[in-house]
Amino acid sequence: MTDTLTHLDRLEAESIHIMREVMADAAKPVMLYSVGKDSAVMLHLARKAFYPSPPPFPLLHVDTTWKFKAMYELRDRMAAESGMELIVYQNPEAKERGINPFDHGPLHTDMWKTEGLKQALDLHGFDVAFGGARRDEEKSRAKERIFSFRTASHGWDPKKQRPELWNLYNARKAKGESIRVFPISNWTELDIWQYIARENIPIVPLYFAAPRPTVERDGLLLMVDDDRFPLLPGETPVERSVRFRTLGCYPLTGAVESGATTLSEVIQEMLLTTTSERQGRIIDKDGGDASMEKKKQEGYF
Amino acid sequence: MTDPVYVTDALIAEDIDAYLAQHQQKSLLRFITCGSVDDGKSTLIGRLLYDSKMIFEDQLAALEADSKRVGTQGQEIDFALLVDGLAAEREQGITIDVAYRFFTTEKRKFIVADTPGHEQYTRNMVTGASTADLAVILIDARKGVLTQTRRHSFLAHLLGIRHIVLAVNKMDLVGYDKAVFDRITLAYRAFASEIGITNFTAIPISGFKGDNITALSDNTPWFKGPALIEHLENVEIGAAADEAKPFRLPVQWVNRPNLDFRGFSGQLASGKVRPGDAVRILPSGKTTTVDRIVTLDGDLDEAVAGQSVTLTLADEVDCSRGDVIAAADAPPEAADQFEATLVWMADEAMIAGRAYWLKLATQSVSATIQQPKYEINVNTLDHLAAKTLDLNGIGVVELSTDKPITFEAYGDNRTLGGFILIDKLTNATVAAGMLHFSLRRAQNVHWQATDIDRDMRANLKNQRPALLWFTGLSGSGKSTIANLVEKKLHRMNRHSFLLDGDNVRHGLNRDLGFTEADRIENIRRVGEVAKLMSDAGLIVITAFISPFRAEREMVRGMLPEGEFIEVFIDTPLAEAERRDVKGLYKKARAGQLKNFTGIDSPYEAPENPEIRIDTTAMTPEEAADLIIDRLLG
């Protein structure tokens, strides 16, 4: 006999259950919104979880000022559509020092994202932050809890995480402690795409192939999204048909050459592709094999 | 060669839309793999991911490089490296936590809980098993049924997993010998029936070579199937069985966007619901009917077990988080005393008599556990006498909650029968439990309503009842100051009663010693007596070391808000020891007194006492005046 609920139905129900459960104990929750496809799905699930009420928390975008222009456009549109308050936070120190991905390497991510996130959470006193991380993304994430506890200084101790049994989440915490909650932990990249297709969820057009000005650097295809991109001697932007599998700061996100202009074609490429999603991101690679885990202990999402 | 059970590249390339349509209809199976590193568990999981193309070229390149560097399979790919997670563990070559893996075939999406097999990690396996529909028990064909096989099977059964697969691994190392497989299967069957597992599926495999994983292997012509993946794809998940049970929806959140809409959000724990269905709200017992099933995609005609929905009801009935909306003609019971199996998950042992938070579905209550009736040895399954449960200990206990909870036996309903215990101070999840049945004492011992209530008694005495709870080290000055306070109250015509630690131990608590459990029981009894006296309208003064925060908070919880006044007699240990009025510190230091607070037993100072007395800065007389001022002022 066939199961009444499909795997997407079950994942959806689980994520909604998690979000509602947070509301029982959270004093001031917030949803981290990075404008990528995972954030898009998470936001859509939040709207479903609390309908007909709007989600009872604001969206927080920890901005680096270096995101793709198309991302800023979708961000503002989605905030307006969902009826949620949008908080944009830019680390003032990073801004003042002009921290950028071209001149400052790992410091760029550290100051804008890691430090920026901590500052934003402290500034507003958020005690629970929803994040769109998935367990299939990276080895150390496979063991991350759905409710992940952070000390008052935002540290993550892999030995102090609470066991999660059934669908019972223990969200009690002491003053100053906070929780990162990952409602789409059990979704895979394929699930995300299938769900976007099934639910017609708006995503940044950069996920679809289009002719875009690009340069090839250190084995990555980078898009010249604005005139802040410093061209090296001999570099000229070349128009290529490209798309992105993940989105971050445009100078740190590699494109793939592609002709996939529809969702079906994107999924088709994904299924036939032979490289993993995070490969286009520089962030995983500095510091070797355990770099994501190290970043997490330092407070990176 | 592309295996037919996996992603069919041709269909994806030729007709992606047809492929996607087909994949929308996949079901979901959660399973757990049990076995140690030596059984080839990580290798098997790595193989499942690899065969289902969940590994990409860049990951494969990294895997090949790693295999050569630290792998245990010579020049061949070591799949185990693919699934070992955190850096420290990877170096030690063991997994120490639950990791979740994902793969998909043409028919199903799978979530695999990967848990280690070492004895000290019972906790992790129980965690992984709690959400699993099926367990794959791995056995090394060269070793047969081991102690750990029994342990894994027992735990899987305990957590209510209905489907057991016995994967006899490393068949390549025993020459694919049918006799070996048969012998192991027979031995396992004998053991399984002992613990109540009536049905299991045995499959001879090699995770390393890939035999009988995705398709039947030519190396085992005597094995007629099914191959592991085939079995995982076709096994009945149990969704139909859950839907056939009576309807239950634990309310998570009340949805009130405006005055005209009041919805109750939650995930169906069992059964089905339709608009017009008669339902009962528990624990109040009020009945009404379902008006609408509201979702963002429009109202539904029906919702089934597993779905997250929002219901509106036809009548305005009280209903909030923690309540259960259930089929009116088949509601679950409510009770406040239970028998349950408990799995202890914290480094600090269980403390009988201490109050913990108990979370079951969306209900949170305070619960106290009795000494275990017995502990279960997970290796021999023997029942042992036990006073407590340590980390990874499993025992059967009786517990009581401070108010009734709506529940079902775990065997009937995982959601309404499974619970966690949370330490009230550290907020850590310390145990998982499975309810067996209610002890039914709650229904039989009713509160006797009396006509004269506590307010009337207090009014007669022209005072407000209170409990002044003195706490502090031995020799800190508690009794001295408490005595002065009572004398002063008496002069002011206040009705009071002083309960002194030493005096109570001569009578009411003469059967108690000084172990942690006895100290807790000592305080519990004193708390109950103090509560009765405050009900009588008295100002109660207690002078007990009461070293543990949790118990002081327990007593605070027994009294009406504001009546419990914690008085911390703050005398540093060195000062109390210097005074040593009763000569006890000397004895304790000489080892003649065991469990002496401050010496070999901890004192947990209050964090926010209502009154703090620094005895190094004021006289007992001044302290008593200050306390009276605070009490009456």
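**Close-up views of a predicted two-chain model**

**View 1. Strands 5 and 6 of chain A, side by side.** A:Phe149 stands opposite A:Ile179, a residue of strand 6 of chain A. In this model, which is predicted, strand 5 of chain A and strand 6 (residues 178-181) of chain A run antiparallel and are joined by four bridges.

**View 2. The open sheet of chain A.** Six strands of chain A form an open sheet in the order 3-2-1-4-6-5, and their pairing is mixed. Strand 3 (86-89) and strand 5 (147-150) of chain A each have a single partner strand and stand at the edges, so one side of each is left without a neighbour in the sheet. From one strand to the next, the twist averages 30°.

**View 3. The side of chain A that touches chain B.** The contact between the chains takes 56 residues from chain A and 63 residues from chain B. On the side of chain A, the elements that give two or more residues are helix 1 (7-25), helix 2 (37-50), helix 7 (189-199) and helix 8 (263-272), and the largest share, ten residues, comes from helix 1 of chain A. The residues on this side of chain A divide into 23 nonpolar, 16 polar and 17 charged.

**View 4. Helix 8 of chain A against helix 2 of chain B.** The axes of helix 8 of chain A and helix 2 (residues 16-23) of chain B come within 10 Å and cross at roughly 80°, and the two helices are therefore roughly perpendicular to each other.

Definitions and conventions. Residues are numbered from 1 along each chain as its sequence is written. Chains are lettered from A and ligands numbered from 1 in the order in which they are written. This is a predicted model: local features need pLDDT of at least 70, side-chain atom pairs count only at pLDDT 80 or more; totals for chains, interfaces and linings use all residues. Two residues are in contact if their C-beta atoms, placed from the backbone, lie within 7 Å. Ala, Val, Leu, Ile, Met, Phe, Trp, Tyr, Cys and Pro count as nonpolar, Asp, Glu, Lys and Arg as charged, and the others, Gly among them, as polar. Axes are lines fitted to C-alpha atoms, for helices over the stretch in contact, and angles run from 0 to 180 degrees between N-to-C directions. Angles under 35 degrees count as roughly parallel, over 145 as roughly antiparallel, 65 to 115 as roughly perpendicular and the rest as oblique. Two strands pair if DSSP finds at least two bridges between them.
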